[in-house]
Amino acid sequence: MTLLKLSGLSKSFGDTHVLKSIDLELKNQELVAVLGASGAGKSTLLRLIAGFERPTSGSVELNGVEISNSKKVLAPDKRNIGIVPQDAALFPHLNVAQNIGFGISKWPTEEKAARLKHLLELVELTDFADARPESLSGGQAQRVALARALAPRPALVLMDEPFSALDAELRARLRLDIRAILLAEGATAVLVTHDQEEALSLADRVAVLRNGEIVQIGTPTEIYNSPVDIGIATFLGDSVLVEGQVVKGKISTALGLLNPMGKVSDGDQGLTAIRYENFYLLPNPGGEGEVIAQVFFGHDAVLEVKIGDLVIRARSNGPFAPEVGMRVKVWVRGSVNFYAN
């Protein structure tokens, strides 16, 4: 069942076209990440869904009811939408329980108490019910913000880069927590983010937003393995771009004949995008490549390998990665994406 439907949604500020005819549907209990670089229009899209902006054209429907178009906008507090802002934005004069219960203050006492108890347990903050926001860690504050958004049982939850202010280790841990919380609540959510790892690890589907337009939407696996153009291939993960030409169904490159991911036409020239992890390096004194640089990350390493006039970057198992100066044989594993000129 479609819960949220955006149809031809556009927004301009004067002569600046921020969003251009966005079409997007969310099913019930689905989490969709809108992924884009700074300035792509992510926050404007969220504001249109929330009711903070009026569309220039197009419409927003929630549960089959039109709640925004160019002529009328249902007020944000009438939309049954929960919002998790970037900085948590907890009320400083209220404790954790009061923050979570803010949106259900008019519920019957027993029902409200049961809902608060459930949410405090769900976000693992039962022992912090009386704590003030200033005493919480960044991760705890974001969990309170999520619980507050979920408390009234909204039809939809909007999350505006909720992890951006946290350090890398906490971001990774909190992503798993929030995914589990949303699943436990059976929530439907839109996450906007510029972080590729965040989008791929959290979402059921990812919509890539570029210059105000959705250029590709699909599952994380589809988006990562089959980007529709060079721009997405280089934005979403690390890729080496190598010139090539299609010969008898294969791509002829400086790395040899490679297998194309999709359909290709003989004679086409263009660029081949190869993920760092698709390279396999085997130390060999007679190898055609030489390792000229290495960046070690512990669990893996990124190596620069010179093959004739070509320099590639490859990801290798950290503890067993070839050392700088070693000769290596280079293979490309699996199929690659080819983009004709």
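Colleague: Does Arg175 count as buried or exposed?

Modeller: Please bear in mind that this is a predicted model. A residue counts as buried when its relative accessible area is under 20%. At 7% relative accessibility, Arg175 therefore counts as buried.

Colleague: With which side chain does Arg175 meet in a salt bridge?

Modeller: The general idea is that side chains of opposite charge can pair when their charged atoms come close. In this structure, Arg175 meets Glu197 in a salt bridge, at 2.7 Å from N to O. The pair links distant parts of the chain, for Glu197 belongs to helix H6 (residues 196–202) and Arg175 to helix H5 (residues 168–185), 22 residues apart.

Colleague: How many salt bridges does the count come to?

Modeller: The count comes to 14 salt bridges. One of them joins Asp238 and Arg315, with 2.9 Å between N and O. Asp238 lies in the loop between helix H8 (230–235) and S11, while Arg315 lies in strand S18 (residues 310–317), so this pair ties together parts that are 77 residues apart in sequence. Asp238 is partly exposed at 35% relative accessibility, and Arg315 is also partly exposed, with a relative accessible area of 24%.

Colleague: Which residues of H3 are buried, and how should I read their positions?

Modeller: One looks at how the residues are arranged around the helix axis. The buried residues of H3 are Arg115, Leu116, Leu119 and Leu120. They cover an arc of only 130° around the axis, which puts them on the same side of H3. On the other side, Glu110 and Lys117 are exposed. As for its length, H3 has 14 residues and reaches 20 Å from the first C-alpha to the last, close to the 20 Å expected at 1.5 Å a residue.

Colleague: What follows H3, and where is Asp127 found?

Modeller: Asp127 is found in the loop between helix H3 (109–122) and helix H4 (138–150). Asp127 is exposed, with a relative accessible area of 76%. The C-alpha atoms of Asp127 and Gly325 are separated by 56 Å, and the two residues are 198 residues apart along the chain.

Colleague: Let us turn to strands. Which residues form the covered face of strand S12, and which the uncovered one?

Modeller: To read a strand, one considers its two faces and its partners. In S12 (residues 250–253), Ile251 and Thr253 form the covered face, and Lys250 and Ser252 the uncovered one. Strand S11 (residues 239–247) runs antiparallel to S12 and is joined to S12 by four bridges. Three bridges join S12 to strand S13 (residues 256–258), again in an antiparallel arrangement. Ile251 takes part in both pairings: Ile251 is the bridge partner of Val246, and stands opposite Leu258 in S13.

Colleague: How many residues lie between the strands in the hairpin of S11 and S12?

Modeller: There are two residues between S11 and S12, and in this hairpin Lys248 takes a positive phi near 50°. The hairpin that joins S12 to S13 also passes through two residues.

Colleague: Which other residues have a positive phi, among them Ser21 and Ala88?

Modeller: The general rule is that most residues other than glycine have a negative phi. Ser21 is not a glycine, yet has a positive phi of about 50°. Ser21 lies in strand S2 (residues 16–27) and is partly exposed, with a relative accessible area of 45%. Ala88, likewise not a glycine, has a positive phi of about 70°. Ala88 is placed in the loop between strand S6 (81–84) and helix H2 (96–100). Ala88 is buried, with a relative accessible area of 3%.

Colleague: Finally, which residues make the nonpolar surface patch?

Modeller: Tyr280, Leu282 and Trp331 make this patch, of about 270 Å². Tyr280 is found in strand S15 (residues 279–283). With a relative accessible area of 35%, Tyr280 is partly exposed.

Technical notes. Residues numbered from 1 in each chain as written. Predicted model: local features only at pLDDT ≥ 70, side-chain atom pairs only at ≥ 80, totals over all residues. Heavy atoms only, no water. Buried < 20%, exposed > 50% of the residue type's maximum accessible area, 1.4 Å probe, protein only. Pairing = 2+ DSSP bridges. Patch = residues over 30% accessible without salt bridge, like charges linked within 9 Å, V, L, I, M, F, W, Y side chains within 5 Å. Areas by Shrake-Rupley, 256 points an atom, 1.4 Å probe, with all protein chains shown as cover. Salt bridge = Lys/Arg side-chain N within 4 Å of Asp/Glu carboxyl O. Expected span 1.5 Å × (residues − 1). Arc of directions from axis to C-beta.
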